[in-house]
Amino acid sequence: MLKDGFGRVHDDLRLSVTDRCNLRCAYCMPEDPVWFPRARMLTFEEILRVVAVLAAAGVRKVRLTGGEPLVRRDLPVLIRMLAEVPGVEDLSLTTNGVLLARHATALAEAGLRRVNVSLDTLRPDRFARLTGRMRLPEVLAGLTAAADAGLTPIKLNAVLLRGENDDEAEALVEMGRERGFEVRFIEVMPLDNHAAWDPSRVVSGAELRRRIGARWPLVPELPADPSAPASAYRFTDGRGRVGFIDSVTRPFCGDCSRLRLTSDGRVRVCLYDDREVDLREPLRTGADDETLLGLVRGALAGKGRGGALDLLQTRRPPVLGRTMHQIGG
């Protein structure tokens, strides 16, 4: 098992396959992103080896992220490789949905089990303003294609910004209830790294629970996975669920089970901690599996109590060397 100094077991790998993205969401990346050179990116074979090493040590869940993972060429090939790794029980993907209609069938056939789709608004004008692109129709088509391909349950990840799109919470929930999607509201985190984060723009999960519960009564569910970041609630009328990831106002660091592997081969044990361990160079210079695993264990040994707890106290964004698109969700 992969444990840190606080006894937290890490069985969940967030695997970034690219830093590139076809949208420009302000809370995720800077206005003028600098991309990693392609030679710096891990190959599929290198990714497979790291996942196999970690799965042998207890990692059971692998979620592909980016950037936007679907811009990585031949991604179904990688998914097919990862789906065959012994020990990997849950293989999923987080996407902005723009390319999902094009790839949903191939992803499912390769062994992908489910998808989370980021969707912050149902209004085309707002979508263009928030993402820098006019791509809402493609995202909605992608949701349909994913459902048809069996990539379920589909979860919608929505980040609401006060004064920007916070009036759409009910509309997003209504769409989710009608189509069988679970909407999960994520409090905006300071990961854009250009000092734009303002705690007054955070729409808290508590506020949203009150609003949504006033229209559709809710009952809390006991978590199937105690380390899951979302607090799930069931609609009392039986029409699905809604989730809340209170990453700023109610951090879940005490139950964190996540490791992150960046697309350029660095292990990161906390979103808010710039300390990283390089696996790319050892991979390319002949390191054996025990050496790779030892590097990961060393990273975990230095993991702190949780950067979100510090954020809760200071209300000031940390200065990080990477933005979210370079880390992976």
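I looked up how H1 passes H2 in this predicted model, and the crossing is right-handed (the near helix is turned clockwise from the far one by less than a right angle). Helices here are DSSP runs of H or I with at least four residues, numbered from the N terminus.

The axes of H1 (residues 44-56) and H2 (residues 75-83) come within 10 Å and cross at roughly 25°; axes are lines fitted to C-alpha atoms over the stretch in contact, with angles from 0 to 180 degrees between N-to-C directions. So I noted the pair as roughly parallel (angles under 35 degrees).

Next I listed the contact (heavy atoms within 4.5 Å). H1 brings Phe44, Glu45, Ile47, Leu48 and Val51, and H2 brings Leu75, Val77, Leu78, Met81 and Leu82. I sorted them by class and got 9 nonpolar, no polar and 1 charged (Asp, Glu, Lys and Arg count as charged; Ala, Val, Leu, Ile, Met, Phe, Trp, Tyr, Cys and Pro as nonpolar; the others, Gly among them, as polar).

Then I turned to H6 (residues 169-179) and H7 (residues 205-215), which pack at about 55° with axes 10 Å apart.

Notes on sources: residues are numbered from 1 along each chain as its sequence is written. Local features need pLDDT of at least 70, side-chain atom pairs count only at pLDDT 80 or more, totals for chains, interfaces and linings use all residues, and side-chain values use heavy atoms, leaving out hydrogens and water.

Definitions and conventions: Helix = DSSP H or I, 4+ residues; strand = E, 2+ residues; numbered from the N terminus. Parallel < 35°, antiparallel > 145°, perpendicular 65-115°, else oblique.
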